[in-house]
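Here are some exercises to work through with the model open beside you. Try each task before you read its solution.

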Amino acid sequence: MASSLNDEPVVIVKNLSVKFGEIEVLKDINFKVYKKDFVGIIGPNGAGKSTLIRSILGMIPYEGEVILKGKVGYVPQLSSFNREFPISVYDFVRLPVRKEKNWKAIVDEVLTKVGLEGFGKRLVGTLSGGQYQRASLARAIVGKPDIVILDEPESGVDEMGKARFYDLLYELNEDLGITILMVSHDIGMVFEKCKTVMCLNKTLHCHGPTREISPEDIKKLFGEFDIWIRAHSHYEVEHAHENPDLSNLKENK
Ligand SMILES: Nc1ncnc2c1ncn2[C@@H]1O[C@H](COP(=O)(O)OP(=O)(O)OP(=O)(O)O)[C@@H](O)[C@H]1O
Ligand SMILES: [Mg+2]
């Protein structure tokens with residue numbers, strides 16, 4: 001049985017709007033995420049999911065207010081640019097703890113946690129899709145964050161890899177009490193693993209417990225839902241998002 005949510009909000013988004021030039025991508029978004037929640041954010045291509053995450057992380061300008069209470073770890077949307085960067089798994093994962101004297105022990109522990117024991121010296125570019133996503137998760141959690149934000153972490157990963165990855169997230173959420181916000185195209189997995197679902201398409205169309213909302217409700221909200229599901233069965237990532245260094249991320253109190 002999933003543990004109950006704490007009543008303390010750790011992410012507060014108020015009247016958030018984002019424009020790129022004249023085009024409004026996000027409009028008047030309001031929500032709170034409570035400690036220990038596991039939120040799945042779903043919506044069609046171009047809905048503004050990555051934009052929402054990048055606003056929350058302070059990576060792009062926005063109107064409105066975002067309050068983050070705690071330390072954040074981030075797993076960006078997969079891009080070929082990230083994978084080809086000539087860097088070892090150790091150097092990739094240790095970024096947030098590079099100033100710690102015992103960084104190697106810390107990184108080894110987290111690599112073991114994500115099932116990449118002994119992979120430290122491998123080049124990131126030689127990892128499989130699933131291994132790379134686990135290395136990204138290791139980097140996101142190595143600094144012991146309170147909140148982990150992931151942008152389509154399952155893209156390019158096979159079904160087995162996906163299930164394993166979601167199990168890891170479930171453990172982080174259940175055992176360590178880490179609050180998770182995850183953008184996903186895998187609606188089945190979101191309804192199976194997440195406690196809360198948010199449906200985004202420029203505005204926030206719905207936000208509530210997965211046990212109270214069904215995929216049919218979402219179908220009513222998004223007329224194009226069927227097309228959307230089909231379109232994503234062969235989903236390929238087109239966007240290249242850079243990996244920000246979040247070690248200096250401001251903590252709003
Ligand atoms: N830096 C940018 N400059 C201009 N337009 C942008 C920029 N970033 C995103 N957009 C546009 O904003 C809209 C939302 O993009 P976003 O990447 O947030 O969508 P998404 O929901 O994450 O889509 P996907 O499912 O494909 O990842 C799209 O129309 C996109 O082209
Ligand atoms: Mg995106």
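**Exercise 1.** Find the salt bridge that D186 forms with K162, and say where in the chain the two partners lie.

*Solution.* Start with the criterion: a salt bridge is a side-chain nitrogen of Lys or Arg within 4 Å of a carboxyl oxygen of Asp or Glu. For D186 and K162, the closest N and O atoms are 3.2 Å apart. Helices (H or I, at least four residues) and strands (E, at least two) are DSSP runs, numbered from the N terminus. Then check burial: D186 and K162 are both buried (under 20% relative accessible area, with exposed over 50% and partly exposed in between; 1.4 Å probe, protein chains only). Finally, widen the view: E159, K162 and D186 are linked in a network of salt bridges.

A word on the ground rules: this is a predicted model, where local features need pLDDT of at least 70, side-chain atom pairs count only at pLDDT 80 or more, and totals for chains, interfaces and linings use all residues. Residues are numbered from 1 along each chain as its sequence is written, chains are lettered from A and ligands numbered from 1 in the order in which they are written, and side-chain values use heavy atoms, leaving out hydrogens and water.

**Exercise 2.** Which side chain meets K193 in a salt bridge? Is K193 buried or exposed?

*Solution.* The partner is D167, at 3.0 Å from N to O. This pair links helix 7, which holds K193, with helix 6, which holds D167, 26 residues apart. K193 has 18% relative accessibility, so K193 counts as buried. D167, at 38%, counts as partly exposed.

**Exercise 3.** Describe the geometry of the aromatic pair Y90 and W103.

*Solution.* Rings of Phe, Tyr and Trp (its six-membered ring) pair if their centres lie within 6.5 Å; planes under 30 degrees apart count as stacked, over 60 as edge-to-face and the rest as tilted. Y90 and W103 are 5.7 Å centre to centre with 80 degrees between the planes, an edge-to-face pair. Y90 lies in helix 3 (residues 89–94) and W103 in helix 4 (residues 103–113), so the pair ties together parts 13 residues apart in sequence. Both Y90 and W103 are buried.
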